[in-house]
Amino acid sequence: MSHLRPEEDSAKRSLRREILTVRDRLTADDVRETEASLAVRALELPELARARAVAAYVSVGSEPGTRALLDALHARGAQVLLPVLLSDNDLDWGTYDGPDSLVPVRHGGRMTLLEPAGARLGPQGVLGADAVLLPGLAVDGRGMRLGRGGGSYDRVLARLERAGADPALVVLLHDSEVVGHVPAEPHDRPVHAAVTPSGVHRFR
């Protein structure tokens, strides 16, 4: 349930629309170039270089691409955890073992996602991650992240907090998505860093 004042809620929706409109204009080449640059930048992060386990996600459509980064982390020997969307929008987790370990899963009439084919670790599986890569649409100078509004990652962040876990929280974005202000709710938690093709922005 949203605790935002109506005008902030509307600002969040409007910012989401604005960013998705820009993303929809990206070409396949744009998305490929972003994916390659993001992998290089993200791998320079000490938090990822040291991480034994990284919770990540498989990008879809015009989201900043994650596949090159997943492969690089996997090749480096890190355990890469990927989400499995549950019917209540919460996330279970499985392990990434290379491109062949992904299967397309259709979620109702909504979307088809690539998810790990192997054993499920349960929603608590994320608690073992040293770093969590979060999808998002924007981030501001305080590290407040604008999500897509489904609430899946709010649950993940709340679960980490309840368990006293403190992994590095990193959002992957296009350059234009580091913005002046993201409307925030009391339960929203700032991320520690944002990676874009042109560099790393730190908030902690």
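Trainee: Is H192 buried or exposed?

Mentor: H192 counts as buried, because its relative accessibility is 12% and buried means under 20% relative accessible area, with exposed over 50% and partly exposed in between (1.4 Å probe, protein chains only). Bear in mind that this is a predicted model, in which local features need pLDDT of at least 70 and side-chain atom pairs count only at pLDDT 80 or more, while totals for chains, interfaces and linings use all residues. Residues are numbered from 1 along each chain as its sequence is written, and side-chain values use heavy atoms, with hydrogens and water left out.

Trainee: Where is H192, and which residues does H192 touch?

Mentor: H192 lies in the loop between β9 and β10, where helices (H or I, at least four residues) and strands (E, at least two) are DSSP runs numbered from the N terminus. Not counting residues up to four places away in sequence, H192 touches D166, P167, A168, L169, H201, R202, F203 and R204, contact meaning heavy atoms within 4.5 Å.

Trainee: OK, on to the core. How many residues has the largest nonpolar core?

Mentor: The largest nonpolar core has 44 residues, and those with the most contacts inside it are L82, W93, V132, L133 and L172. Strand β9 (residues 168–172) gives the most to this core, with five residues. A nonpolar core here is a set of buried Ala, Val, Leu, Ile, Met, Phe, Trp, Tyr and Cys residues joined through side-chain atoms within 4.5 Å. There is also a second, separate core of seven residues, which includes I19, L137, L146 and V182.

Trainee: L82 got a mention there; what stands opposite L82 in β3?

Mentor: Opposite L82 stands G94 in β3. Strand β2 (residues 79–85) and β3 run antiparallel and are joined by five bridges, and two strands pair if DSSP finds at least two bridges between them. The hairpin of β2 and β3 has five residues between the strands, and in this hairpin N89 takes a positive phi near 75 degrees.

Trainee: And why is β3 called largely enclosed?

Mentor: Strand β3 (residues 91–95) is largely enclosed by the rest of the structure because four of its five residues are buried.

Trainee: What about α5, which residues are buried there?

Mentor: In α5 the buried residues are S152, Y153, V156, L157, A158, R159 and L160. The buried residues of α5 pack against β2, β3, β6 (131–134), β8 and β9. Just after α5, G164 takes a positive phi of about 75 degrees.

Trainee: Switching to charges: how many salt bridges does the structure hold?

Mentor: The structure holds eleven salt bridges, each being a side-chain nitrogen of Lys or Arg within 4 Å of a carboxyl oxygen of Asp or Glu. One of them joins the side chains of R32 and D29 (2.3 Å, N to O). R32 and D29 are three residues apart in helix α2 (residues 28–43), so they are separated by about one helical turn. R32 is exposed, with a relative accessible area of 52%, whereas D29 counts as partly exposed at 44% relative accessibility.

Trainee: Which distant parts of the chain does the pair of R148 and E63 link?

Mentor: The side chains of R148 and E63 meet in a salt bridge (3.8 Å, N to O). This pair links R148 in the loop between β8 (145–146) and α5 (152–162) with E63 in the loop between β1 (53–55) and α4 (67–75), 85 residues apart. E63 counts as buried, at 8% relative accessibility.

Trainee: What else does E63 contact?

Mentor: Leaving aside neighbours within four places in sequence, E63 is in contact with R23, V31, Y57, V58, P135, R148 and H174.

Trainee: And which residues does the UniProt "binding site" annotation cover?

Mentor: According to the unreviewed UniProt entry, the "binding site" annotation covers V58 and E63; UniProt positions are given in the numbering used here, feature names are shortened, and annotations may be inferred rather than shown by experiment. V58 is found in the loop between β1 and α4 and counts as buried at 11% relative accessibility. Leaving aside its neighbours within four places in sequence, V58 is in contact with E63, T66, R67, L70, L82, L102 and L114.

Trainee: Back to salt bridges: which residue does E161 meet?

Mentor: E161 meets R189 through their side chains (2.5 Å, N to O). That pair links helix α5, where E161 sits, to the loop between β9 and β10 (193–196), where R189 sits, 28 residues apart.
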